[in-house]
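Biologist: Can you take me through this one? I'd like to start with the ligand and then look at the backbone.

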Amino acid sequence: MRRHLPMLLLLPALVLLAGCDFEWGSIGYNKGYAPEQPIAFSHELHAGTYKVPCLFCHSTAERANHSAVPSLNICMNCHIVVATDKPDIQKMSEAYRANKPIAWQKVHLLPDHVKFNHKRHVERFGAPNSCHTCHGPVETMEVMYQHSNLSMGWCINCHRDPAHQAPVNCSTCHY
Ligand code: HEC
Ligand code: HEC
Ligand code: HEC
Ligand code: HEC
Ligand code: HEC
């Protein structure tokens with residue numbers, strides 16, 4: 001479900017944008033989006049069954065604005081020996097030897113005009129708790145999907161929470 005700010009708050013922006021051609025909800029509302037990936041990677045297996053910590057693979061979530069998808073050398077720590085008879089793992093070793101990245105499909109994607117910073121959120125709420133707040137029960141996802149709708153209302157609702165006291169002025173999140 002989409003939840004929005006009271007429209008009043010948005011009036012100045014709507015007036016500014018009145019001449020432009022934009023659509024509400026054209027991007028950022030793909031809740032449940034689960035694109036097919038080039039390798040059948042399962043979070044349920046790795047983060048659930050084998051309890052590999054989120055930050056082992058997504059280490060940049062802690063120190064950078066962006067939380068990148070891991071590169072193959074992280075996978076090969078294990079898959080140099082684990083499940084080497086499986087076609088997906090053979091595909092990975094071939095790509096690794098050829099120094100080619102895997103073309104993972106992005107699941108979460110904010111519009112360009114939005115500033116988002118993993119580091120600040122992860123520092124504040126810790127891992128993996130913070131990850132769950134925004135990305136849901138990742139340890140149960142055989143296929144990764146978008147858990148939250150990533151709408152402005154979703155961001156603001158948490159920023160406004162008196163327990164969090166995060167900024168809500170427009171320039172916090174917009175360029
Ligand atoms: C063994 C490595 C590994 C571990 C551990 C791991 N991930 Fe991932 N993660 C990946 C890979 C590979 C992808 C890209 C493929 C996919 O989307 O399934 C990914 C994708 C994601 C995405 C979606 C990225 C996008 O495109 O928007 C999120 C969110 C995510 N992981 C969160 C987590 C969280 C939270 C944990 C811990 C509970 C975790 N991951 C543990 C390897 C890992
Ligand atoms: C900490 C060790 C570890 C790391 C790191 C790791 N894996 Fe795995 N992976 C496993 C184990 C264990 C299995 C289960 C093997 C089995 O069932 O025989 C597995 C299974 C898989 C499978 C299923 C193979 C099949 O067809 O049954 C895929 C695909 C896979 N991993 C991809 C990845 C990718 C991509 C990464 C890096 C983002 C990664 N793994 C990182 C340990 C790891
Ligand atoms: C406050 C909410 C929030 C928290 C907390 C959070 N994320 Fe995210 N995550 C997002 C949003 C929003 C995006 C999309 C960002 C974009 O499009 O620029 C995203 C994107 C990602 C991606 C894809 C990034 C890429 O480079 O393609 C990964 C991987 C990811 N998050 C992993 C994690 C992990 C792991 C944690 C915990 C350590 C975490 N996130 C905590 C909201 C959050
Ligand atoms: C679960 C609660 C929560 C959600 C959801 C959330 N945030 Fe935040 N955000 C915070 C908190 C708390 C802070 C303050 C962190 C600190 O400074 O300790 C923060 C800080 C920020 C900052 C840094 C502000 C600064 O002073 O540099 C930006 C930018 C930001 N959030 C953008 C977003 C965007 C964009 C979204 C939605 C896509 C979002 N946040 C969703 C809780 C949240
Ligand atoms: C905490 C982060 C955050 C704050 C603060 C914030 N926004 Fe946003 N805003 C977003 C996100 C995320 C989106 C993209 C998702 C969506 O359209 O709901 C967005 C989208 C928008 C859009 C829609 C643009 C389009 O292409 O559809 C407008 C207009 C907008 N914001 C104006 C404002 C104004 C005006 C303020 C100050 C009153 C503000 N925003 C404050 C996060 C924020």
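Biologist: What does the side chain of His108 do at ligand 1?

Modeller: This is a predicted model. In it, an N or O atom of the His108 side chain sits 2.7 Å from an oxygen atom of ligand 1.

Biologist: Which residues come nearest to ligand 1?

Modeller: His43, Cys54, Cys57, His58 and His108, out of 21 residues around the ligand. By type, that shell has 12 nonpolar, 7 polar and 2 charged residues.

Biologist: Which helices supply at least two residues each to the shell?

Modeller: α2, α3 and α8.

Biologist: Now the iron atom. What are its protein donors?

Modeller: His43 and His58, each through NE2, at 2.0 to 2.1 Å from the iron. His43 is in helix α2, residues 43-49, while His58 is in the loop between α3 (54-57) and α4 (60-63). The two are 15 residues apart, and the pair links distant parts of the chain.

Biologist: Is His43 buried or exposed?

Modeller: Buried, because its relative accessible area is 16% and the cut-off is under 20%. His58, at 22%, counts as partly exposed. The His43 side chain also has an N or O atom 2.9 Å from a nitrogen atom of ligand 1.

Biologist: Switching to the backbone. Which peptide bond is cis, with omega near 5°?

Modeller: The one from Ala127 to Pro128. Pro128 is in the loop between α7 (118-125) and α8 (129-135).

Biologist: What about phi at Ala83?

Modeller: Positive, about 55°, although Ala83 is not a glycine. Ala83 lies in the loop between α5 (72-79) and α6 (87-97), and is partly exposed at 27% relative accessible area.

Biologist: And what is phi at Leu150?

Modeller: Near 60°, again a positive value in a residue other than glycine. Leu150 is in the loop between α8 and α9 (152-160).

Biologist: Does Leu150 count as buried or exposed?

Modeller: Buried, with 13% relative accessibility.

Note on methods: Residues numbered from 1 in each chain as written. Chains lettered and ligands numbered in written order. Predicted model: local features only at pLDDT ≥ 70, side-chain atom pairs only at ≥ 80, totals over all residues. Heavy atoms only, no water. Donors = N, O, S within 2.8 Å, 3.2 Å for Na, K, Ca; no water. Helix = DSSP H or I, 4+ residues; strand = E, 2+ residues; numbered from the N terminus. Buried < 20%, exposed > 50% of the residue type's maximum accessible area, 1.4 Å probe, protein only. Near = heavy atom within 4 Å. Polar contact = N/O pair within 3.5 Å; in protein donor to acceptor, adjacent residues only side chain to side chain. Nonpolar A, V, L, I, M, F, W, Y, C, P; charged D, E, K, R; others polar.
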